[in-house]
Amino acid sequence: MIKLDKVSKTYEAGVQAVRDLSLHIMPGEFVFVVGDSGSGKSTLIKLLLKELTPTSGRIVVNGKDLAGVKHKQIPEYRRKIGVVFQDFRLLQDRNVYDNVAFAMRVVDSAPREIKKRVPHVLSLVGLQPKYRALPKQLSGGEQQRVAIARALVNNPKIILADEPTGNLDGNNAWEIMRLLDEINQRGTTVVVVTHNMEIVRSMRKRVITIKKGMVTGDEEGM
């Protein structure tokens with residue numbers, strides 16, 4: 001569950017990126033967040049990850065009020081959220097297996113659990129045969145699937161995908177969106193920030209529109 005109640009964020013330069021923003025996303029939903037560049041979408045993602053603190057308002061994620069999450073508790077909080085970025089952010093000197101395993105090692109997962117979980121999520125995203133490949137040996141679509149496997153490996157309740165198809169061609173973009181849809185159907189809440197309105201219209205999910213830091217639209221099956 002994600003709930004923002006009258007959240008505002010003003011940067012030091014006086015720029016108000018988010019203004020009195022309220023929204024509620026239920027467990028298991030698939031939601032698109034759309035809006036022009038500079039509308040506040042990236043700020044919203046950073047607020048949900050607690051990379052930023054709101055100037056005012058209240059944010060609750062997975063039943064936890066983020067105002068009560070201390071700095072040393074942030075890593076533990078983020079374990080329950082998987083993040084997929086536009087630019088993949090893979091470790092170029094490590095193979096597919098180790099890129100995914102890294103996400104488990106940083107949260108001190110047991111070696112036995114890593115050996116069991118990593119092949120499982122690589123199988124889910126269709127990359128188990130390429131577990132030894134380096135990122136540079138993969139296509140853009142395959143690299144994004146590695147990023148999704150990494151986001152999934154700690155079994156998060158929520159996946160935040162920030163422009164996950166922005167660097168992909170049409171076919172790969174659709175593959176990634178179908179994969180995120182499958183993940184959602186298994187019960188994970190999925191929030192996708194995107195400019196790709198063709199995908200948004202075709203998938204007919206809930207669409208939240210942000211303009212100048214405010215929610216200006218909230219439609220089901222757009």
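Select K6, which lies in strand β1 (residues 2–10); helices (H or I, at least four residues) and strands (E, at least two) are DSSP runs, numbered from the N terminus. This is a predicted model, in which local features need pLDDT of at least 70, side-chain atom pairs count only at pLDDT 80 or more, and totals for chains, interfaces and linings use all residues. Residues are numbered from 1 along each chain as its sequence is written, and side-chain values use heavy atoms, with hydrogens and water left out.

K6 has a phi near 50°, a positive value in a residue other than glycine. With a relative accessible area of 53%, K6 is exposed (buried means under 20% relative accessible area, exposed over 50%, partly exposed in between; 1.4 Å probe, protein chains only).

Next, go to F88, in the loop between β6 (81–85) and α3. F88 is not a glycine either, yet its phi is positive, about 70°. Its relative accessible area is 10%, so F88 is buried.

Now select helix α1 (residues 41–48), where 6 of the 8 residues are buried: K41, T43, L44, I45, L47 and L48. Just after α1, K50 takes a positive phi of about 60°.

Move to V207 in strand β9 (residues 206–211). V207 counts as buried because its relative accessibility is 1%. Show F30 as well: its C-alpha atom is 9.0 Å from that of V207, though the two are 177 residues apart along the chain.

Then display helices α5 (residues 140–152) and α6 (residues 170–185), whose axes come within 9 Å and cross at roughly 20°. Axes are lines fitted to C-alpha atoms, for helices over the stretch in contact, and angles run from 0 to 180 degrees between N-to-C directions. The angle makes α5 roughly parallel to α6 (under 35 degrees). In contact (heavy atoms within 4.5 Å) are G141, Q144, R145, I148 and L152 of α5 with N172, E175, I176, L179, L180 and I183 of α6.

Of its 42 residues, F32, V118, I148 and L180 touch the most other members. Among the elements that each supply at least two residues of this core are β3 (30–34), α4 (111–124), α5 and α6. Centre on V118: leaving aside neighbours within four places in sequence, V118 is in contact with Y97, V100, A101, M104 and V153. A second, separate core of 30 residues includes L23, V61, I81 and I208.

Conventions. Angles under 35 degrees count as roughly parallel, over 145 as roughly antiparallel, 65 to 115 as roughly perpendicular and the rest as oblique. A nonpolar core is a set of buried Ala, Val, Leu, Ile, Met, Phe, Trp, Tyr and Cys residues joined through side-chain atoms within 4.5 Å.
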